[in-house]
Amino acid sequence: MTNSMNDIRNAKSVVIWGENICTSHPIAMQHVLHAKEVNKAPVVVIDPRFSKTAAFSDKHVSVRQGTDVALVYGVINVILANGWEDKAMLRDRTYGFELLQEELKKYDLDTVSNVTGVSKEDIQQIAKTMAENRPGTVIWAMGGTQHSNGTSVTRAFCVLQLVLGNMGKPGGGTNVFRGHDNVQGATDLGVLSDTLPGYYGLGEGPWKHWSNVWGVDVDYIKSRFKSTDMMGKPGFTVARWYEGILMDAKELGQDTNLHATIFWGHSSNCNSQMDRVKKALEKVDLIVDIDPFVSNTAVLPDRTDNVYLLPACTVYEQYGSVTNSNRDNQWRDRVVDPVFESRTDIDIIMDFAKHLGFGEQFMKNRNGPYSKDHVVEDLAREWAMGMLTIGMNGQTVERMKRQKEWAHVFDRDTKRAVSGPVKGEYWGLSWPCWTDKHPGSPILYRVDVPVAEGGMGFRARWGKEAPDGKTLLAGKGSAPKGSPIKEGYAEIDNWKTDITGKTAEEAIAKGIAPYGNGRARINAWNLKDDPVPKHREPIHSPRPDLIAAWPTYDDVKDHFRVPTLFKSMQKPEYAKDFPVLLNTGRQVEFEGGGSADRNCWWLVELQPEMYAEIHPGLASDHGIKHGDWMWVESPQDLDDKPSRMKVKAKVTKRVPPNMIYLPFHWGGSFEGKSLAGKFPEGHVPYGIGESANVVTNYGYDRITQMQETKGGLCRIIKA
Amino acid sequence: MASNQPSQARMKFFIDTKRCIECGGCEVACKNENHVPMGISRIRVVTVNEGERGETNVPIPCMHCSKAPCVAVCPVDALFTRHDGIVHVNKETCIGCGYCLYACPFGAPQFPTSAPFGARGVMDKCTYCAGGPEEPHSQREVQLYGSNRVADGKLPMCASVCATKALVAGDSPDVAEVARKRIALRGSGEAPWGWSTAYPGA
């Protein structure tokens, strides 16, 4: 998120695109309602379904799933045709607008309407509403990202906000709502297979930097790897790790298959292609499931040995810092001591390190070994030293704890403290918070305030000049307020590696952002297939007639160590055999794989059973009544037979006439059979049901490998 | 302010049907706070026109009506109105006849069905998190009625956790002020949901 949840209160228009706030982020909905009621901000919800959030909109637009780039481009074309674009923003603070203009020629309104299923009038109305009510916010979530061209969708939203000049302003911004507690913190700290903490990547420089922070010899780290090549090679992703078990090792981007899998607070029912996950869990030598509850992972595979359950503490039994969706850091206390034999995550990690033979190096710190008594504080001090790229340095343990004590003095609209020892600080010390004197930066890319007050331009990440010779430094007059340099400038030397923090401190004292003042890249030349976002039909397209004009990508051989199929999986005949659209999402009572929530009987009482939303028309075509059982079947993709699940019909007009919508939190049942008997005695959740991801289709984002669960096909049969 | 004068206090709910998002937080918080058994709902969010324009969610607890019809029809005087307007049931007097259920315009009274031969147990309903006619926080009160937050100067749990402040609880003038401001902002002129029934003439 470039802006904050609270900052929605300053928006003059609210566009919610592929996110169901009422269900996924209910607390944040108060800010949308504030904008709607107090600012009279029009609320536009763009979602194939008439979601709970759509019920609060002034305008609901049902877009065909997976066609968001085309719709964004239709809207941009209307903006440009009317001269509504922010010319200064495009001229001074972006690079590559010409390439976008070239691409936009393919997206006339008739074409966009045909591709997206949205009427020309609605496209014009979205553009007009956004142009007349600035600054406006664009909010999205998985409805925007879980597509084979999800990276392009995300970038298209950013381009739209640049065209409208909504970046770097209160009430504006590109705001993707993260879906879980501390998931932003997890990403920041590098729980990804292609980067070290702080998005440094896996190159030699990053390894040196972090070894320096850890106080460990970089040669020792090297000695742990098979080769320096493997040290810099992205690993498997959470979307397709199981192929490392199933596929022939010759097909993999590494010499051997995976032999063990450890689940740590993650549910395997979040994976699409769940029948393949099941096979992998049956083939792998060892499964370890670390969770407060027995998750789906433990009961899904048909096996009786080498599955270990390690009881982990809940959030209430441990403490430390967390980072929320809008980059705010918060210190959390322990509420109760660990219950029964459960242990804290850090305790389990430390024991793993010890028994795997690198306990000493793991517990090393620049200031000596960690103490078990305050390891969480020690770790917080360590990341605050190393995370220079994103300015996660000023959130000291002491400051986070102090903010907790003074929470009552922060203003709800500005997030700034009005009094007390925290006066002037922003709530959560939102990163970048460059130094321990910096107040935090709740709104990114703001140039109307000094760097010392949370201002900054766009990061000069790609140097001074693009490959085409054009400048990547911002134009005249677009430096943060109070800057001695009034235009763009390159990043400061050593700003990412000076762990003393002095480089950053000196730059900020002068009014300079350590990371430079560059241009937002509309043309990202390094993304070779789509330097500017392009519409591409989903892998399982319901419109085979459009595949020739808007094809998906070429297959990729070594994509996070596995081959990922695009063109060879995009088969026109799927639409004939599987004529119904498949979509998944949340229900408000549960979260993630649901292993905690389905063990809470008050939540299960509200939602006792798994269901499939189905339109009355589609239901009656198949002789299905509300509450009837039905089978949902999906294409076989890599397998020898179609996947299928048995689920109860919830007949509702919420879904469009040709769509099935499944909540994804369920587990404990597979292809119509209950797995209740496989849970350890006394551990069967109150709510068990079929997992949506049994039938979600093959398909992955070209860049990130995120699964395409918001654009699939299926067929239904009355059970 | 009236809220400083307990003898004149008049507790009310304001249910903002333009703000409830059906997150169910009130229902779960109520159950957790009062240890309400499965099958009994002291508050329930009702959704009408689901999936269509006009979809509206209404969280419905006991409204603690000013001229409570349940109190009027109770044949054994188990129901009564407290000095602060909260309507209580005395579970040790209640005979489970169900007259109150027929009289209540909001469907608040709940009856456990676990008694033999399908007979109704004694009535249970929203207490405004104010316990019952027992010593506050006594074991007996907790067992029969649940929590007593009002005795501690706290608002009912449902309103306290409401994500969008759709459910507002408090003393009558304070609640009325919140309602007035919101309705004025919208320019709709609509009266708060249920008030003409629960608090006529207020």
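## Before we start

What you're looking at is a predicted model, so to speak of local features pLDDT must be at least 70, while side-chain atom pairs count only at pLDDT 80 or more, and totals for chains, interfaces and linings use all residues. Residues are numbered from 1 along each chain as its sequence is written, and chains are lettered from A and ligands numbered from 1 in the order in which they are written.

## Chain B as a whole

Let's begin with the parts list: chain B has seven helices and six strands. (Helices, H or I with at least four residues, and strands, E with at least two, are DSSP runs numbered from the N terminus.) Along the sequence they come in the order β-α-β-β-α-β-β-α-α-α-β-α-α.

Chain B's C-alpha atoms fill a box of roughly 50 × 45 × 30 Å along the principal axes. Its radius of gyration is 17 Å, which agrees with the value near 17 Å for a compact globule of 202 residues; that rule is 2.2 Å times the number of residues to the power 0.38, and the radius is taken over C-alpha atoms.

## Where B meets A

Here, 19 residues of chain B are in contact with 21 residues of chain A. Contact means that the C-beta atoms, placed from the backbone, lie within 7 Å. On the chain B side, helix H1 (25-34) and helix H6 (172-186) are the elements giving two or more residues, and H1(B) gives the most, with four.

## Strands side by side in chain A

In chain A, strand S7 (residues 260-264) and strand S8 (residues 286-291) pair in the parallel sense over five bridges; pairing takes at least two DSSP bridges. A:Thr261 stands opposite A:Ile287 in S8(A). S8(A) also pairs in the parallel sense with strand S9 (residues 307-311), over five bridges, and there A:Ile290 faces A:Leu310 in S9(A).

## A closer look at A:Arg343

You'll find A:Arg343 in the loop between strand S11 (329-332) and helix H17 (345-355) of chain A. It counts as partly exposed because it has 18 C-beta neighbours inside 10 Å. Leaving out residues up to four places away in sequence, A:Arg343 touches A:Ala312, A:Cys313, A:Pro338 and A:Ile348.

Note on methods
Two residues are in contact if their C-beta atoms, placed from the backbone, lie within 7 Å. A residue is buried if 20 or more other C-beta atoms lie within 10 Å of its own, exposed if 12 or fewer, and partly exposed in between; C-beta atoms are placed from the backbone.
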